[in-house]
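I wanted to follow one stretch of chain from strand to helix to strand. These are my notes.

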Amino acid sequence: MSVAIVEYRPDHAAAWARLNEAWLAEGGFSVEAKDRRSIDDPHGVFIAGGGRIFIAERDGEAVGCCALIRIPDGFEVSKMTVTPAARGLGLARRLLEACEAAVRTDGASLLYLETNSALKPAIALYESFGFLHLPARPTPYARADVFMEKRL
């Protein structure tokens, strides 16, 4: 078995959509307008604005993803998931490591994210990676009720 974290390519588009629609459904969340835009146009939403998308591949198959959106002080971590069959392989941590490395290379000093309190394993991962909780703030996502950042 080989696993790798790779940069998003146009041929990842179908896997990107599948991965994101699956985690939303698994969590019992609806696909919101902002989700739909990022699922349908990952290049325009993330890459064209100076962000990045990383894909976790196992034996060449996309089994996870994570994106970075440029924000004023740094980058927002977005759309992070690993398929149930690939969980436990450390891929989520490796995706976060790729995000942090990209942010550091860019010279930014902040990683920010929004998530949902029901996603306890994700929150535990973020905490173990050095993210700190922030007070609630306005958000375009109805499901977002946890806000975190990591200063670099």
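The entries below go through the strands and the helix that I looked up.

I worked on a predicted model, where local features need pLDDT of at least 70, side-chain atom pairs count only at pLDDT 80 or more, and totals for chains, interfaces and linings use all residues. Residues are numbered from 1 along each chain as its sequence is written, and side-chain values use heavy atoms, with hydrogens and water left out.

Helices (H or I, at least four residues) and strands (E, at least two) are DSSP runs, numbered from the N terminus.

Entry on β4. I looked up strand β4, residues 74-82, and found nine of its nine residues buried (under 20% relative accessible area; exposed is over 50%, partly exposed in between; 1.4 Å probe, protein chains only).

Entry on pairing. Strands pair if DSSP finds at least two bridges between them. I found seven bridges from β3 (residues 61-71) to β4, and these two run antiparallel. A hairpin of two residues joins β3 to β4. Cys-65 has Thr-81 in β4 as its bridge partner. On β5 (residues 110-115), I found three bridges to β4, running parallel. Glu-76 has Tyr-112 in β5 as its bridge partner.

Entry on the crossover. From β4 the chain passes through helix α4 (residues 91-106) to β5, a right-handed β-α-β crossover (with the strands pointing away from the viewer, the path from the first strand over the helix to the second runs clockwise).

Entry on α4. Buried residues in α4 include Leu-91, Leu-95, Ala-98 and Val-103. After α4 comes Gly-107, with a positive phi near 85°.
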